[in-house]
Amino acid sequence: MKLLKSISPYLVIVGIIVLFGLVITSLINPPEITYTEFMRELNADNIEKVDLEDNTATVVLKESSSSDQEMKAGKYMLNIKSYENFDQMMLSELQNGSTIEYKAVVKKIPFIVSILPYILLVVLFFIFMYVMLGQGQGGGGKVMNFGKSRARLYTTSKITFADVAGAEEEKEEMMELVSFLKNPKRYSMLGARIPKGVLMVGPPGTGKTYLAKAVAGEANVPFFSMSGSEFVEMFVGMGASKVRDLFKQAKEKAPCIVFIDEIDAIGKKRDGQVGGNDEREQTLNQLLTEMDGFEGNNGVIILAATNRPESLDPALTRPGRFDRRVPVELPDLAGREAILKVHARKIKASDDVDFHTIARMASGASGAELANIVNEAALRAVRDGRTIVTEADLEESIEVVIAGYQKKNAVLSDQEKKVVSYHEIGHALVAALQNHSAPVQKITIIPRTSGALGYTMQVETGDKYLMTKKELENKIATFTGGRAAEEIVFGEITTGASNDIEQATKIARAMITRYGMTDEFDMVAMETVTNQYLGGDASLSCSADTQKEIDEKVVELVKREHEKAKKILTDNRKKLDELAMFLYEKETIT
Ligand code: ADP
């Protein structure tokens, strides 16, 4: 019975396809002619041509002048009972002097071949359905399941706040939700309304999903999780029905957490443009309705994450929906150290690993990257056949994350190696001989898979929240130091500085257009950052004339710093030579 139920939708579809096929064939085939009509036309000598093929004959009637012609000229199909008899009749007709053009063939098409087109059609239909709807979802019956939410029905999370390191402020904000989920009565007694939705914003990999899971784990409630893109379907209305289904299930399991990752996929501003995405807007409307629909304290708390808060629809972020926003930022130095330690608990690390140093080296890394660094280190230890992870493993894995693996068999020519040595020492020396630069931690000229032939790692001693103009200028000078060294020593320039050029330009441009560090533009923003958490793309907001001026200023600034770097290196030529030779021999200096 159950089997019948599950295959019945398929049978219906197959039936529809066969019917469709029949209609099509009847449209393509010529109209039929009966035997009586055929005999009459034959006697009236109105037939031009007969093609006999198995049990059907295609009959072509000619235009006749006689007024008694009842059928129009054209092609007709005649069904025949006996091929032999019909053939006999036609042959005798020809012998009697008829001028009909007659052809007869026997083509025995096997049954299977005749139904092949139908089979093919059915197969194609299923492939299409599978690709468009069922992709990777596993399990049968998905074709008929368009509208059902595919939320991995609630899971119970084992992650708690103890696993989330560093994010103290974020955890504190979430603590309130946990306390509500554990004891909702305490809040309802006082008439306090707990936020329905909490929007977590921040760069990728900072642990937004992780934090949501930790809230569910800490409160020990079911965790419904879905990604925004999962809602958006091919057919209008499907996403909305998924939202309904998700909330229906969540309400049954309340108190619980509903987590929607990448909510910007459905929550984009409805801009009413022509050709807008109807499906997405309907889904969003349904989400808005659902969030309004349940009264404040019924125990369903919605957490959502996004990297692009600026693109969200204002209706979504108004009080009563996602009324609380928790920024989840990249971890600071102490945070990085804590995250490294949390993840190091899962591996066997030697006791003397100094996580503070590692955290300093991994400046700017997100939680996910730090987790990856620890894992890379463990993999490296296994590869080397060791049973314990050392600090060197961790340091190397930071470099792997920054610059890729070492290219063991890349052979640089002697001259190239010399150029790279001078280039890297150029950076290091310029950095070291200026006052406001981060100390150089490591210089290496071992090529990496990212394409870098060598690099100089500068490490700040602590967290830095503000940069002075001087520091930024020195940074630019440091970037130009590599090329400057090549010019001074070899009187020749190479392609090795392309990345430096990019970085230096970026800083110089930002100084002029965003940080107000020129006298001419004072404190006017010439550029606005549009994508704060995803690389920080900027868009110009000034006239074409100013744009030209900005370009000139950028060039001027970089040029000035380049000259400064050249001067520093020329003044310290002896040191430059010594250090470069040293690096050339050792390949890595720490
Ligand atoms: P996001 O959702 O912000 O893109 P995730 O929550 O998926 O990032 O984080 C990816 C991984 O990074 C997590 O599984 C976790 O291992 C690690 N991670 C991120 N932040 C932290 C943190 N604060 N403490 C511990 N681990 C973290």
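The structure is a predicted model, in which local features need pLDDT of at least 70, side-chain atom pairs count only at pLDDT 80 or more, and totals for chains, interfaces and linings use all residues. Residues are numbered from 1 along each chain as its sequence is written, and side-chain values use heavy atoms, with hydrogens and water left out.

A total of 17 salt bridges was counted, each being a side-chain nitrogen of Lys or Arg within 4 Å of a carboxyl oxygen of Asp or Glu. In one of them, Lys566 pairs with Glu487, with the closest N and O atoms 3.7 Å apart. This pair links distant parts of the chain, since Lys566 lies in helix H20 (residues 544-571) and Glu487 in helix H18 (residues 469-490), 79 residues apart; helices are DSSP runs (H or I, at least four residues), numbered from the N terminus. Lys566 also forms a salt bridge with Glu563, at 3.8 Å between the closest N and O atoms. Lys566 and Glu563 are three residues apart in helix H20, about one helical turn. A further network of salt bridges links Arg380, Asp384, Arg386 and Asp393.

Note on methods
Helices (H or I, at least four residues) and strands (E, at least two) are DSSP runs, numbered from the N terminus.
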